[in-house]
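Here is a short tour for anyone opening this structure for the first time. Take a look at the sequence and the model, then read on.

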Amino acid sequence: MASTDESITLKRKQLIASALIKHLSLDPGASLSVSGKDSITSLYTNILKSSGKCSPQKENNEVMKWIVFAESFPVDSQACFDALCGFNQDLAQNSVLLGNGTTPSEADVIVFSVIHSSVIGLSHLEREKLTHVMRWMDYIQHKEEFVDLFEKILLEKPAFEPLLQGKRGMAKVEVDSNAKKTLQSTKNTEKSEAEKNIKKNDAGKKVTENKESMPEKKKPAETEPAEKDKEVSVSLLNIQVGLIRKAWKHPSADSLLVEEIDVGDAKLRQVVSGLAKFCSPDELTNRHVVLITNVKPGKLRDVMSEGLVLCASNEDHTVVEPLLPPEGAKIGERVSFSGIDGKPEDILNPKKKQLEKITLNLFTDDKGVATFKGIPFMTSGGPCTSSIPKASIK
């Protein structure tokens, strides 16, 4: 299994290298040795340097965020689909990952190369759930004409032969033809309904009044999904990088610790955490953490708490540790999630159970990178992590 995973990871990197060389119009015959030890970051940096292209720092930072996504994209098929579902939401409001959509960016090329083999292996039903991903894949492959290039590389490895079925042209991501049929069917249904409404309207005023009242009843239902999506968006949380300046045992609860945390404000923020069984006060002192700072302040066993330190936990809750921001992350900076924008709530409303709904989608991936629906917790220094892979985060 390990060798298969390594083979897939290596092949992904070879696809990235070949795709970037084509995208940047470099000599396709140029020799570029790609090994499993190469990171996607180093591949991108070296190829970009060879092209002589100088990207603005802001654009380069955005590319790096998507490289983190690509590096952490899983190999396991179920985990891949879960990550693709999160990616599908990212693309709901965007035609491409970066830029205005006229020309795919390096970020688009890298992510396309990484998820390509997973997407061509999806079933029809799975593709129907990833409409935005399929639309984006179709756009990129037609803009960049990667099909022949990818087919040649993928057929070199036995691990990918079942996906391509040994046929030419199978590296192309086929957008289900049923999409057009569904659209036409919808139009026909709408036309049929309209004709029925006209006939019923002619039958009398009562029918007309009933038909006119129906849309008014449906309006709240139509807005309900959007409101639900808004409620569970991680953008509602103000997640910040903090530094624990001091920690001590709770005076009246053996399972609790109290921390004074620096988040860049004039005053240190006092937080009560259930970490006494897993960390000592000395271990937490001077440790960088990630915390939610817009939870409603309240007392825990008579001690005021003004935040929530986010921790990773294994399945049976025997190992728990605070998430760790990367070196270089600035104290007080807000953690971001690529493709998800929005202003955090001033204070979360406990009655709406916003925090409970959001934390259901917080996990570390198989490399320990903290994610929301597969999207990494990002800071200026990189992603936040834990030593516990595939852990829940609360």
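Searching the whole structure turns up one cavity of 30 Å³ or more. On a 1 Å grid over the protein atoms alone, a cavity is a set of points where a 1.4 Å probe fits but cannot get out; the volume is the space filled by probe spheres set on the points, which are joined across faces, edges and corners. The largest cavity comes to about 40 Å³.

So who lines the largest cavity? K65, W66, F69, D90, S338, I375, P376 and M378 do, where lining residues have an atom within 4 Å of a point. Five of them are nonpolar, one is polar and two are charged (Ala, Val, Leu, Ile, Met, Phe, Trp, Tyr, Cys and Pro count as nonpolar, Asp, Glu, Lys and Arg as charged, the others, Gly among them, as polar). Helix α3 (57-72) gives the largest share of the lining, three residues, and β12 (375-376) also supplies at least two. Helices (H or I, at least four residues) and strands (E, at least two) are DSSP runs, numbered from the N terminus.

Residues are numbered from 1 along each chain as its sequence is written, and side-chain values use heavy atoms, with hydrogens and water left out.

The average pLDDT, the predictor's confidence in each residue from 0 to 100, is 80, and 75% of the residues score at least 70. Residues 157-170 stay under 50, yet the model gives them 29 contacts beyond four places in sequence (contact means heavy atoms within 4.5 Å). Residues 177-191 are also below 50, with one contact beyond near neighbours in sequence. Where pLDDT is low, the predicted coordinates should not be read in detail.

## A five-stranded sheet

An open, antiparallel sheet runs in the order β3-β2-β1-β4-β7. Because β3 and β7 (308-309) sit at the edges with a single partner strand each, one side of each has no neighbour in the sheet. Two strands pair if DSSP finds at least two bridges between them.

Now zoom in on β2 (residues 257-262): five of its six residues are buried, meaning under 20% relative accessible area with a 1.4 Å probe, protein chains only. Six bridges tie β2 to β1 (residues 239-249); A247 partners E259, and L243 partners D262. Five bridges link β2 to β3 (residues 269-273), with V258 opposite V272. In the β2-β3 hairpin, which has six residues between the strands, G264 takes a positive phi near 90°.

Note on methods
On a 1 Å grid over the protein atoms alone, a cavity is a set of points where a 1.4 Å probe fits but cannot get out, and a pocket is an open set with protein on both sides within 12 Å along at least five of seven lines; lining residues have an atom within 4 Å of a point. Buried means under 20% relative accessible area, exposed over 50%, partly exposed in between (1.4 Å probe, protein chains only).
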